[in-house]
Amino acid sequence: MAKFDIVMPKMGESIIEATITRWAKSVGDMVAEDEVICEIATDKVDSEIPSPVEGKLVQLLYKEGDVVPVGKLIAVIDLDGENAVVEAAPAVTSVTVDSPATIAETFAPVVGQSDRFYSPLVKSIAKQENIPFEELESIAGTGKDSRVTKEDILAYLANRKSQPVAVKTIAEAAPVVKPAEPVAPPKQQAPVVTSSAGDQIVEMDRMRKLIADHMVMSTHVSPHVTMFHEVDMNKIVNWRNKMKDGLLKREGEKLTFTPFFVEAAAKALKEFPGVNASVDGYSIILRKNVNIGMAAALPSGNLIVPVIKNADQKNLLGLTKTVNDLANRSRGNKLDPDDIQGGTFTITNFGQFGSLTGTPIINQPQVAIMGLGTIHKQPVVIETPEGDVIAIRHRMILSLAFDHRIVDGALGGKFLRRVAEILENFDETQTI
């Protein structure tokens, strides 16, 4: 019989695994081409896996809730359709927790058991560097549920090579007299929190847990510095008020303020590539593409960051259409995995909630994020050839949080000032 293998798809350069949250089909069901087989979730986005062929589903290799590495076989479809014979289901293997036997094949020597999850990448690095299992267990993890990430193990290896840590096997181990010196600093513990009568305890949903872990990780990875710059938005506000009704009637597109900020940021990033970058150990990666993420609030109260790819290559109309499309699909939970991948810089809008400004947290592995305050009227001093005058202007505050490992105050300040200059010198004679 002709079979077709369904594998866990690759969903971005930084995603190595996904959780199967729901099987939409059962063994023995007929599956049409492009029909959804299962729903999956990563630490970035929820998605669906459609069938590229028509046939009968004859095997499921994982259960709902299992974490599956990218590229692993998850299901088998028989192209013979109704005439296909359903195979006996193999023993379902969950990769959420490695068994002692599996760990024993990967690490030598092995001591004890563990409920800690290690990704295939971390296991591979540990095997290449001859890190025994008990030594791996001692590494402090900054990932979800204290998982050891690639950055954790590489940072540990850098310290290990300068200060080697001896780990004994069972045969070499002497009777323990006192605890050994820790090989890594203990993970900082959160304070004990107690509830009182009448308090309501609400469990975080999966996305909120991921956001919480990502925010804590970012503050641990990057030393954050935030700068502020006040901007005169009068030209843009007046031009938008003049153009928005015509654009809505002609193109069916709402003209928000977001495209103006994306356009200004994209131009400034081309001039200051050090802000359009990432850090890999002691190497700086200057990104060729300018892919700007825009933080969007979901109806659930959570946040997601869809990415405008090659923002520097789009005009204002193109940016408007892209921003509206991503915003609409974000609210409808219709984003594809690729829509949230590859961002090199992020913009977040505090102003939509009436806030004057804020100090955003960097979206790793980027090195900067720009916050937008509310646009409001205020009296300001205007310099004219006839002298200074007080006028009512539309003003706002831009904030820029940056990674002080590679972005210094001078670079951050120049970038933020350049964004402000682009906004203030907006060409009011242009059309859209």
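Is Ile362 buried or exposed, and what is its relative accessible area? Ile362 is buried, at a relative accessible area of 0%; buried means under 20%, exposed over 50% and partly exposed in between, with a 1.4 Å probe and protein chains only.

The model is a predicted one, in which local features need pLDDT of at least 70, side-chain atom pairs count only at pLDDT 80 or more, and totals for chains, interfaces and linings use all residues. Residues are numbered from 1 along each chain as its sequence is written, and side-chain values use heavy atoms, with hydrogens and water left out.

## Overall make-up

The protein has nine helices and 19 strands. These are DSSP runs numbered from the N terminus, with helices (H or I) of at least four residues and strands (E) of at least two. Of the 432 residues in the protein, 41% are buried. Contact means heavy atoms within 4.5 Å. Among the contacts with a separation of 6 or more, 64% are between residues 24 or more positions apart.

## The loop between S16 and S17

Ile362 sits in the loop between S16 and S17. Its C-alpha lies 7.0 Å from that of Phe402, although the two are 40 residues apart in sequence. Leaving aside neighbours within four places in sequence, Ile362 is in contact with residues including Ser218, Ser222, His224, Ala401, Phe402 and Asp403.

The loop between S16 and strand S17 (368-372) also holds Pro365. A cis peptide bond, with omega of about 5 degrees, joins Gln364 and Pro365.

## Backbone angles

Most residues other than glycine have a negative phi, and most peptide bonds are trans. Asp34 has a positive phi, near 70 degrees. Asp34 is placed in the loop between strand S3 (30-31) and strand S4 (36-41), and is exposed, with a relative accessible area of 58%. Asn310 also has a positive phi, of about 50 degrees, and is not a glycine. The loop between strand S15 (307-308) and H8 contains Asn310, which counts as partly exposed at 27% relative accessibility.

Pro259 is in helix H7 and is buried, with a relative accessible area of 0%. Pro259 and Asn315 are 56 residues apart along the chain, with 9.3 Å between their C-alpha atoms. Not counting residues up to four places away in sequence, Pro259 touches Leu316, Leu319, Thr320 and Val323.

Rings of Phe, Tyr and Trp (its six-membered ring) pair if their centres lie within 6.5 Å; planes under 30 degrees apart count as stacked, over 60 as edge-to-face and the rest as tilted. By this rule there are six aromatic pairs. Two of them are tabulated here.

| Pair | Centre to centre | Angle between planes | Class |
|---|---|---|---|
| Phe260 and Phe426 | 5.5 Å | 70 degrees | edge-to-face |
| Phe272 and Phe415 | 6.5 Å | 85 degrees | edge-to-face |

Each pair links distant parts of the chain. Phe260 is in helix H7 and Phe426 is in the segment after helix H9 (409-424), 166 residues apart. Phe272 is in the loop between H7 and strand S10 (277-280), and Phe415 is in helix H9, 143 residues apart.

Phe260 counts as buried at 1% relative accessibility, and Phe426 counts as buried at 7%. Phe272 is buried at 18%, and Phe415 is buried with a relative accessible area of 0%.

Ring pairs link Trp239, Phe257, Phe260 and Phe426 into a cluster. Arg240 lies over the face of Phe257, 4.5 Å from the ring centre; a charge sits over a ring if NZ of Lys or CZ of Arg is within 6 Å of the ring centre and within 35 degrees of the ring normal.

## The second largest pocket

On a 1 Å grid over the protein atoms alone, a cavity is a set of points where a 1.4 Å probe fits but cannot get out, whereas a pocket is an open set with protein on both sides within 12 Å along at least five of seven lines; lining residues have an atom within 4 Å of a point. Grid points are joined across faces, edges and corners, and a volume is the space filled by probe spheres set on the points.

The second largest pocket has a volume of about 580 Å³. It is lined by 24 residues, and those closest to its centre are Thr256, Thr258, Arg331, Asn349 and Gln352. Helix H7 (258-271), strand S13 (296-297), helix H8 (316-331) and strand S16 (345-349) are the elements that give two or more residues to the lining. H8 gives the most, with five residues.
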